[in-house]
Amino acid sequence: MSMTLTGAPVSPGRAAGPAVTMPDPVPEPRTTRLGSADVEAAVEQLAAAAASVRDDLTERAGQVTGTAADLLAVTAAIAADPTLAADAERLVRADRLTPERAIWDAARALVKQLEKLGPPLSERSRDVRDVRDRIVAELIGVRPPGVPRPDHPFVLVADDLAPADTATLDPDVVLGVVTSGGGPTSHTAILARALGIPAVVAVRGSEEIRDGETVLLDGGAGIVVRDPAPETVAAAQQREAARRSFDGRGRTADGTRVELLANVADPAGAQAAIEASAEGVGLFRTEFCFLGRSTEPAVSEQVAAYRRVLAAFPRRKVVVRTLDAGADKPLPFVTSDGEPNPALGVRGLRTAATRPGVLDRQLQAIATAAEAENAEVWVMAPMVATAAETAEFVAACSRHGLKTAGVMIEVPAAALRSADVFAHAAFGSLGTNDLIQYTLAADRMLGELAALSTPWQPAVLDLVRLSCEGAAAHGRPMGVCGEAAADATLGPVLVGLGVRSLSMTPRALADVAAVLARVTLDECRELARLALAQDDPVEARNAVRDAIRPVLTDLGL
Ligand SMILES: C=C(OP(=O)(O)O)C(=O)O
Ligand SMILES: [Mg+2]
């Protein structure tokens, strides 16, 4: 008998397959003493378990690319470092602890030392605990922590996923994600969308799903079906097989151009954007060049890093965002620790006042990279609040010969006084992730506030409309580069509000393009009016979904 569960729809698409649940956390081993005759065997067991974990992590790190590879490489390096295993071996010999308890205690001591050293070393504590859990799991014969790796495609069922788990999701085997926790802007949701994996979060009753049982999920509708009818599964699988692709030119049904661009954070992302036929880059997050370092990268280093991305887009637009340090992206040499409210503090363009040299050198590097490559380089600043900040940024760009200088609209003040801002800026790009956070006064990192944190909030849509009107008054183009741009149902609404470019994770391009190609500009305007007429985000989304139901059903969204 099938049973339908409901949750929050966060990443569209349908999928069906056997459920695989996340393993339980590895339990803390009890402190028991070994007989002295068992010590040598225990030391051997410990060494074998540590080696097996090291080999497994090294192999996995070699199989993935991008963020997942970086994360796994760190964990693999910790597993390969003999310190932890040697400390544990000493505890087995000296205190006759079981190998699992010895590794637990050795890891605890190591974590303590790392935490005393402060960032960035203290950030390795999580990796040490991860390695510890893997060795303990190997020793006591339970499933290792993290996303399981069966040798067949599956639907992953979990309470919620940790950032390190989500980074290792492989879209070729993870057909869909179902979680009982999390919210629409949780880490799981953002990553599932980025990877194009259908996902439903906050599903009531998903804790009951058992390993191996067949589940079907509809990430656009927010539905999970346990034990679905075989013909329903076959239909979902057929749609999956006929995955759409993007032809590289975004437009509405009546031919209004809507540029469909990619968000790129490093050279690997540039490759993914090209493979997905993105028209260019609407948001090049330059932080990759700065993060994880204790000193500012030299101009020459920055030039080389930017060129690797620009080189992928000859004669195409690449919107380079200047450094967005602070709040969720702290950088020791730019931002200061200890601000009571970092999201409201010195972040983004505001750091140009406290560390003017950093922006100046970055603009110099962008200009040099632009000169050396063929991409059409636009530059924009994050966290702009006022017309005066805009004017100063545009002037700074101009001093470096960077002609097309714009701003992100992610602070409500800039949206409300958009006409003043666009008296100076050449273009705008709505950073909806932050715009939502600041409009709703809801920390973007908090799962508990997920219901508030949606671009369908009428107040957010009002600010999008105002921003577009202010830009249009000066004939300036407006785009969206926050997560909202990847929502295929929202696309027509944004276009109806005046947006003419959408920049998103490459995996979302095909769905966004397919929906846009099925609605005319007038219909987009009608959908925008419909959304704005609602006083609630869920009703706004439902009203728009109902209005374009045949299109969504046809496209399997
Ligand atoms: C695109 C955005 O920038 P980030 O997520 O990097 O703050 C945004 O705020 O929407
Ligand atoms: Mg932002």
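**Ligand shell**

I began with ligand 1 and asked which element gives the largest share of its shell; α16 does, with 3 residues. I note that this is a predicted model.

I then listed the shell itself. Around ligand 1 I find Leu283, Arg285, Asp324, Glu410, Gly431, Thr432, Asn433, Asp434, Cys481 and Gly482. Two elements supply at least two residues each: β10 (281–285) and α16 (432–440).

**From the shell to α17**

I followed α16 to its contact with helix α17 (residues 458–473). Their axes lie 10 Å apart, at an angle of about 120°. That angle makes α16 oblique to α17. I logged the crossing of α16 and α17 as right-handed. On the α16 side I see Thr432, Leu435, Ile436 and Thr439; α17 brings Ala459, Val460 and Leu463. This contact of α16 with α17 has 5 nonpolar residues, 2 polar and no charged.

Next I traced the open sheet. It has 8 strands in the order β1-β8-β7-β3-β4-β5-β6-β2, and the pairing is mixed. Which strands are at the edges? They are β1 (3–6) and β2 (8–11), and each pairs on one side only. On average, neighbouring strands are turned by 30° against each other, direction ignored.

I reminded myself that strands of a sheet pair through backbone hydrogen bonds, either parallel or antiparallel. Then I checked some pairs.

- β1 and strand β8 (residues 223–226) run antiparallel, joined by 4 bridges. Here threonine 4 stands opposite valine 225 of β8.
- Strand β7 (residues 214–218) also runs antiparallel to β8, with 4 bridges. Aspartate 218 has isoleucine 223 in β8 as its bridge partner.
- Strand β5 (residues 174–179) and strand β6 (residues 199–201) are parallel, over 2 bridges. Valine 178 stands opposite valine 200 in β6.

Last, I took up the helices on either side of α4 in the numbering.

How do helix α3 (residues 82–95) and helix α4 (residues 99–117) pack? The angle is about 125°, with the axes 8 Å apart. That makes α3 oblique to α4. Their crossing is right-handed. From α3 I noted Thr83, Leu84, Asp87, Ala88, Leu91 and Val92; they meet Pro99, Ala102, Ile103, Asp105, Ala106, Ala107, Ala109 and Leu110 in α4. The contact of α3 with α4 divides into 11 nonpolar residues, 1 polar and 2 charged.

For α4 and helix α5 (residues 125–140), the axes come within 10 Å and cross at roughly 180°. The two helices are therefore roughly antiparallel. Residues of α4 in this contact include Pro99, Ile103, Trp104, Ala107 and Leu110, and those of α5 include Val128, Arg129, Arg132 and Ile135. I count 12 nonpolar, 1 polar and 4 charged residues in the contact of α4 with α5.

Conventions: Residues numbered from 1 in each chain as written. Chains lettered and ligands numbered in written order. Predicted model: local features only at pLDDT ≥ 70, side-chain atom pairs only at ≥ 80, totals over all residues. Near = placed C-beta within 6 Å. Axes fitted to C-alpha atoms, helices over the stretch in contact; angles between N-to-C directions. Parallel < 35°, antiparallel > 145°, perpendicular 65-115°, else oblique. Left-handed = near helix turned anticlockwise from the far one by under 90°. Contact = placed C-beta atoms within 7 Å. Nonpolar A, V, L, I, M, F, W, Y, C, P; charged D, E, K, R; others polar. Pairing = 2+ DSSP bridges.
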